[in-house]
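Here is a briefing on the structure shown below. Points are grouped by topic.

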2 protein chains.
Amino acid sequence: MGQTSLALDALPGLPEIVPGCDLAALLGEASARARLPLVDGDVLVVAQKAVSKAEGRYLDLSRVEPSPEAPELARRVRKDPRFVEEVLRESSAVVRATANVLITRHRLGYVMANAGIDRSNLPAVPGAERILLLPADPDASARALRAGLRQATGAEVGVIVSDSFGRPWRVGTVNVALGVAGLPAVLDQRGGLDRNGRRLETTQVALADALAAAAGVVMGETTESTPAVRIRGLHFDAPGGDGQGLLRPEAEDLFR
Amino acid sequence: MGQTSLALDALPGLPEIVPGCDLAALLGEASARARLPLVDGDVLVVAQKAVSKAEGRYLDLSRVEPSPEAPELARRVRKDPRFVEEVLRESSAVVRATANVLITRHRLGYVMANAGIDRSNLPAVPGAERILLLPADPDASARALRAGLRQATGAEVGVIVSDSFGRPWRVGTVNVALGVAGLPAVLDQRGGLDRNGRRLETTQVALADALAAAAGVVMGETTESTPAVRIRGLHFDAPGGDGQGLLRPEAEDLFR
C-alpha cells in the first residue's frame, strides 16, 4: 500500500433501483452526471440493498409458511414467525437469539443480524409484505458490477458490495464488505520485518472492510439516496480478492 | 450526518516521537509544513502507538517478574512469560488463549490481542527489552491532544486515538477508536422512521470506529512514518462522545 490520501464521494442522483435494472449503467450515468467520473483504480462501494433490489431479491412474507421450529424461536426473539422462518432458511446456524436479537451464520458465512434480511425503506406493493434478501452471491454481484462498469465507463474499477454489521463487544454498526472484485480484500503482510528486524505481528489488514467502513460514513443510513461511494487514491500491487476471503473458517476463529 | 464527501490525508514528516514531547505541537507543525492545515471541524486520527510513545508508556521486559500463573499460560500461547505477565497485568480477563494467540479484555474494556502491548518498531535501548503499553486513558489522551491542537493551531478539531484490532469471524485487522474527543463516537438513530413510517432497525452507527478504519488505510502498517491522518468533510450536530461509549457492557454483549 502506498496511499497517503483518499477521497470519498457519494454518488448523488441515483433513481430508485428496481429489479432487472442495469445497476452498473445507472452508476456510470450518476457518476458522469455528478462530475465524479470513474477512472482506472477507483473503487466503488455499493450498498448491498441497492444490489439486492436490482437483483430482485424480494420475498413476500405473506407467502412464507413457518416451519415447526420458527414460532418458538420467534417468541424468544420477539419477531414475526414468518420472518424468523426466512432468516433460518438463509442461515446455517443460530449464533445468538434473545429479545429483539437474532444473529445467525448466513449460509454464505457472514455472522450477522437477521441473516441480512431487510424490511425498512422498501417500495411498498399493495397486498404484499416485502422483505429483501442478500444477493445470492455477493462476490458474483461485485464481479458483474465491475464488468458492467468497464462496459459503461471504460474504467477498470474495484467494486465492494457492502452492508452494515454489528460487532461483538463494541457498540454500533460499521459497514463491512460482503462481495469484492478487482481489489485485494485482505492485504497480507506476513513475513514482513520491522526496522529492528523483528517479525511483524500484525500480518493481515482487512482492506475491503476498512474501505466499506469509510464509505458507510458518507452513505448515510436513513435517506438511502446515496447507496454508492467512489473512493479514489488507492495504490496496491496485490492481486484482486473476494469477500469470501474475509471470512474466517469457523474452526480458526480466534475469539472463542 | 450530512457528509457526502470525505478527504483523508496522512500527515507526512513527523519526527520520531519521544517521551515527553509535545505531540500536539508536532502534529500542528507537520500539518502546516505539509500544507494540510487543520481547520474547525477536521478530525485527526492518531495512531495509539505515537500517543503511547509521547506519553512514555515503555516498559523494560527484563525487569518484569512473572507471577505463578504466567509460565503455564505462556507455554499455551507460545509467548515470553514476562510478556504474558504484563498482558495479564493490563487485563481484567482472558478471552482466548491458544497457540500464538492471547486475547484479553483490557482493564479499560477493549477486547484485543495482547492487551494492546506492542513490541515492533520500537526504538532500541541497549540492555533493555522494551515493550509499549496502551495510553493509561486514551480518552484523556484524545482530549489533551484536542486541547493542544487548539493551542497550536487555533482550530477546534476532533481527535481519535486509534489502534488495529482483529475481529471474531472475519480475517484481518481494521483500526478502531480507543479514545475520542470532540466528535460523536456513536451516532444514535434510534426512534427514526423510514419512508414507510416503519421504525428503523439499524439504530446506532459507530462513527469513530468507521473513521479510524478509514484512516488505517492511509496510515500504512510497516513504515510507521505517518501515524496521523486528517479527515475533512464531516458534518454532525450530535455532541462529542468518548471511546468508552463504543464499549458494550459485558452483560449486554449481543453475540454470546
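A:Asn114 sits in the loop that links strand S6 (111–113) to strand S7 (130–132) of chain A. The model is predicted. The predictor assigns the complex an ipTM of 0.95 and a pTM of 0.95. Chain A has an average pLDDT of 92, and 94% of the residues score at least 70.

- A:Asn114 has a phi near 55 degrees, which is positive although the residue is not glycine.
- A:Asn114 is buried, because 22 C-beta neighbours lie inside 10 Å and the cut-off for buried is 20 or more.
- A:Ala115 belongs to the loop between S6 and S7 of chain A.
- The phi of A:Ala115 is also positive, near 50 degrees, again in a residue other than glycine.
- A:Ala115 counts as buried too, with 23 C-beta neighbours inside 10 Å.

**How the two chains relate**

**The contact between chains A and B**

- Chain B gives 63 residues to the contact, and chain A gives 63 residues.
- On the side of chain B that touches chain A, the elements giving two or more residues include strand S1 (5–10), strand S8 (158–167), strand S9 (170–181) and helix H6 (207–219) of chain B.
- H6(B) gives the most to that side, with nine residues.
- By residue class, the side of chain B that touches chain A has 30 nonpolar, 19 polar and 14 charged residues.
- The copies meet through the same surface, because 100% of the interface residues of chain B are also interface residues in chain A.
- Strand S1 (residues 5–10) of chain A and S1(B) run antiparallel and are joined by five bridges.
- A:Ser5 has B:Asp9 in S1(B) as its bridge partner.

**Strand S8 of chain A**

- S8(A) is largely enclosed by the rest of the structure, because 10 of its 10 residues are buried.
- Side chains in a regular strand alternate between the two faces of the sheet.
- In S8(A), A:Gly158, A:Ile160, A:Ser162, A:Ser164 and A:Gly166 point one way.
- A:Val159, A:Val161, A:Asp163, A:Phe165 and A:Arg167 point the other way, and the residues of both sets are all buried.
- S8(A) pairs with S2(A) in the parallel sense, over five bridges.
- A:Leu44 has A:Val159 in S8(A) as its bridge partner.
- S8(A) pairs with S9(A) in the antiparallel sense, over nine bridges.
- In that pairing, A:Arg170 in S9(A) is the residue opposite A:Arg167.
- S8(A) and S9(A) make a hairpin, with two residues between them.
- A:Trp169, in the turn of this hairpin, has a positive phi of about 70 degrees.

**Helix H5 of chain A**

- Helix H5 (residues 138–153) of chain A has 16 residues, which should span 22 Å at 1.5 Å a residue.
- Its end C-alpha atoms are 22 Å apart, so the span agrees.
- Buried residues of H5(A) include A:Pro138, A:Asp139, A:Leu145, A:Arg146 and A:Leu149.
- Among the elements that cover them are helix H1 (23–33), strand S2 (43–47), helix H2 (48–54), strand S8 (158–167) and strand S9 (170–181) of chain A.
- A:Ala140 also lies in helix H5 of chain A.
- A:Ala140 counts as partly exposed, because 15 C-beta neighbours lie inside 10 Å.
- A:Ala140 and A:Asp242 are 102 residues apart along the chain, and their C-alpha atoms are separated by 9.2 Å.
- Just after H5(A) comes A:Gly154, with a positive phi of about 80 degrees.

**Helix H6 of chain A**

- The 13 residues of helix H6 (residues 207–219) of chain A should span 18 Å at 1.5 Å a residue, and the end C-alpha atoms are 18 Å apart, which agrees.
- H6(A) is mostly covered, with 13 of its 13 residues buried.
- A:Gly220 follows H6(A) and has a positive phi, near 75 degrees.

**The segment after S12 of chain A**

- A:Pro239 is located in the segment after strand S12 (228–232) of chain A.
- A:Pro239 is exposed, with 7 other C-beta atoms within 10 Å.
- A:Pro239 and A:Val186 have C-alpha atoms separated by 9.9 Å, and they lie 53 residues apart along the chain.

Conventions
Residues are numbered from 1 along each chain as its sequence is written. Chains are lettered from A and ligands numbered from 1 in the order in which they are written. Two residues are in contact if their C-beta atoms, placed from the backbone, lie within 7 Å. Helices (H or I, at least four residues) and strands (E, at least two) are DSSP runs, numbered from the N terminus. Ala, Val, Leu, Ile, Met, Phe, Trp, Tyr, Cys and Pro count as nonpolar, Asp, Glu, Lys and Arg as charged, and the others, Gly among them, as polar. Two strands pair if DSSP finds at least two bridges between them. pLDDT is the predictor's confidence in each residue, from 0 to 100. The expected span of a helix is 1.5 Å times one less than its number of residues. A residue is buried if 20 or more other C-beta atoms lie within 10 Å of its own, exposed if 12 or fewer, and partly exposed in between; C-beta atoms are placed from the backbone.
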